[in-house]
Amino acid sequence: MPVSGNLQANMSNGTVEVNSGPEKEQESQVFEPPAEISKNAYVKSLDEYQAMYKKSISDPEEFWKDILADYHFEEKQSDDKPFFNYNFDMNQGPVSIKWLEGAKTNISYNLLDRNVKKGLGDTIAFYWEGNDPKDESKMTYGELLKEVCKFANVLKTLGVKKGDRVAIYMPMIIELPIAMLGCARIGAIHSIVFGGFSADSLADRMIDAQTSVLITSDGVWRGEKIIHLKEISDKAIAKCGDANLDVKHCIVVNHLPRLAVNKVDESTNQSPVKRKQFDYLTPFDETRDKWYHELMEKADDVCTPEWVDAEDPLFMLYTSGSTGKPKGVLHTTAGYMIYAATTFKYVFDYQPGDIYWCTADIGWITGHTYVTYGPLANGATSVIFEGTPFYPTNSRFWDVVDKYKVNQFYTAPTAIRSLMKFGDSFVKECNRSSLKILGTVGEPINPEAWLWYYNVVGDARCPIVDTYWQTETGGHVITPLPGATPSKPGSATFPFFGVVPVLLTEEGKEIEGPGEGYLVFKKPWPGMMRTVYGDHDRFETTYFKRFPGYYFTGDGAKRDNDGYIWITGRVDDMLNVSGHLLSTAQVESALIEHKAVAESAAVAMPHKVKGEALYCFVTLRDGFEFSSQLEGELKLKVREKIGAFAAPEVIQLAPALPKTRSGKIMRRILRKIAVGDSNFGDTSTLADESVIDLLLQHRPETAAKVR
């Protein structure tokens with residue numbers, strides 16, 4: 001229920017002070033943690049949160065050592081090394097972040113062996129729910145440990161060793177976390193590529209990481225659509241060959257034949273029509289390709305873990321960069337492990353026996369941290385979901401919640417907004433009484449969607465943890481705690497333990513109290529990225545050059561009169577489409593590959609479902625005309641180069657683009673045109689102000705319908 005009172009937070013000095021009082025006007029409605037949740041929570045009150053937060057800032061070593069006591073380290077850190085050390089200021093030398101350097105551990109051991117030894121061997125680690133409701137399976141911690149050991153031994157027989165990079169391009173099946181943990185068990189570095197990316201995107205990431213092994217699947221169903229992942233993988237491997245990268249092994253999970261939709265009807269001996277003539281004859285190169293199940297049949301189910309340094313790499317995950325070239329965000333072992341485990345435990349208030357479900361694909365950082373590493377580190381039981389929210393009906397999410405009696409549910413605002421438009425009936429026809437905590441991730445959630453989520457999905461009894469974080473942060477950095485911190489719809493709320501957010505002016509001056517500026521962080525936390533793989537200069541330039549002494553998120557934010565932080569969006573040439581971060585350069589590069597396009601520019605426009613959608617402008621070469629056919633070809637080009645999720649919502653003809661006299665495109669003007677706003681402000685720096693009228697004349701009517 002809502003509470004009144006004024007909440008003021010001063011986080012830059014490691015304190016969070018709350019002053020109650022009705023004398024100050026509220027920025028918006030505030031929702032207090034439900035009493036039932038607070039009674040059983042790990043953090044039961046705002047006072048308790050404040051005390052823990054203050055300790056995490058004033059004495060981080062003592063704070064994190066208390067947490068580390070529950071995890072296994074084969075070798076403790078020596079006394080002559082600092083618990084952590086860092087430099088955020090490029091003027092003082094190279095940027096560096098290190099935690100527990102010199103200690104030896106293995107994350108696979110901590111997630112599996114440790115939990116089995118604690119008596120969780122027969123506890124379900126994962127329920128798997130397929131795209132078709134008839135497809136399901138489960139795996140205990142004991143079974144998962146054996147499967148991971150077998151796959152680790154498979155990798156070793158193929159010559160994979162500590163420090164080698166392994167690419168993974170798979171659907172949401174249990175073999176995916178098995179592959180991740182198999183890599184981690186032998187000290188190999190996994191690089192997972194989301195199964196919705198194109199062959200070009202997969203190849204770019206494999207080439208940058210120099211991966212000689214690829215793990216994939218024959219295919220996957222997404223709703224009514226089949227995606228042949230092996231065919232895409234083959235195209236990517238061919239492109240790797242063109243770049244002189246020899247992919248020696250491609251391990252293929254034979255997934256499609258075991259699905260209900262592909263099984264032959266025994267009574268008629270006929271295959272379902274939905275197979276679309278797919279006859280299980282997956283393209284296969286006998287010299288390179290290997291069936292996963294055949295390799296696993298021969299493998300031993302015991303594998304001694306490789307004890308790695310706390311700062312040895314665990315994984316790299318590619319995210320879009322402003323240059324258009326994806327950057328490999330590198331995370332190391334021990335710091336990421338304890339941060340993933342701790343954020344999962346406290347933010348979702350996971351209690352033994354709970355059933356947790358994060359709907360994210362493991363191909364994104366949310367799936368890394370809050371499908372695999374965080375839940376398993378806590379001995380949790382989770383749901384892995386292969387399908388979509390809309391198949392076979394729009395009640396699929398809530399059907400799954402009821403089926404497994406889900407207690408914590410974590411999804412994206414895009415999914416919530418998509419489901420809202422179908423009304424409340426699809427939600428209300430399901431029970432959902434097991435739900436205790438709801439979460440959102442990937443982008444800011446608008447208050448209207450927050451309130452629908454709270455009132456309709458959660459029946460006004462489940463706190464919402466609206467989490468702010470990034471691929472680079474490794475885990476939640478600003479978030480409510482369900483039993484302790486009051487929430488405002490759409491606000492990221494308070495920092496997690498050890499995190500010090502600051503708002504800066506353009507000149508780099510810290511903003512005290514209410515205000516709007518650049519969101520940065522003043523101190524490191526264990527789970528943050530350490531570098532960009534193979535390009536530390538890019539790491540420093542992207543995150544530390546603009547504001548020396550701070551980690552720059554690339555986002556803007558505002559702090560209201562009550563101290564709550566609101567994320568206002570990207571401040572560079574980046575877009576967040578349905579929670580997927582894209583660079584304008586990436587999209588523009590794909591468009592300009594079409595023979596008709598001389599120049600292109602991409603901006604974000606508001607979208608009532610996706611949050612942001614792509615609005616693209618194209619200037620054509622002489623001899624070409626803009627048409628619906630060309631528009632379709634351009635959208636297809638983006639889909640092929642990046643992935644289906646990146647397809648532009650609107651493509652507009654631009655006889656010319658608004659540029660400064662130095663030739664820089666003024667995207668501020670284009671963003672105004674995209675939303676139909678004629679208040680362009682100061683246009684005196686434009687080389688040709690008449691371009692604006694031209695662009696307004698060519699603005700398509702469809703643009704207004706998207707918002």
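**Strands and a pocket**

Ile-251 stands opposite Lys-290 in strand 14. This is a predicted model, where local features need pLDDT of at least 70 and side-chain atom pairs count only at pLDDT 80 or more, while totals for chains, interfaces and linings use all residues. Residues are numbered from 1 along each chain as its sequence is written, and side-chain values use heavy atoms, with hydrogens and water left out.

Strands here are DSSP E runs of at least two residues, and helices are H or I runs of at least four, both numbered from the N terminus. Strand 13 (residues 249-253) runs parallel to strand 14, joined by 3 bridges. Both belong to an open sheet of 8 strands with mixed pairing, in the order 14-13-10-8-9-16-17-25.

Now strand 23 (residues 501-504). Pro-501 and Leu-503 point one way, Val-502 and Leu-504 the other, and all are buried, meaning under 20% relative accessible area with a 1.4 Å probe, protein chains only. In a regular strand, side chains alternate between the two faces of the sheet. Strand 23 is antiparallel to strand 24 (residues 515-521), with 4 bridges; Leu-503 has Leu-519 as its bridge partner there.

Last, the lining of the second largest pocket. Helix 4 (107-120) and helix 10 (334-347) each supply at least two of its residues; a lining residue has an atom within 4 Å of a point of the pocket, an open set of points on a 1 Å grid where a 1.4 Å probe fits, with protein on both sides within 12 Å along at least five of seven lines.

Technical notes: Buried < 20%, exposed > 50% of the residue type's maximum accessible area, 1.4 Å probe, protein only. Pairing = 2+ DSSP bridges.
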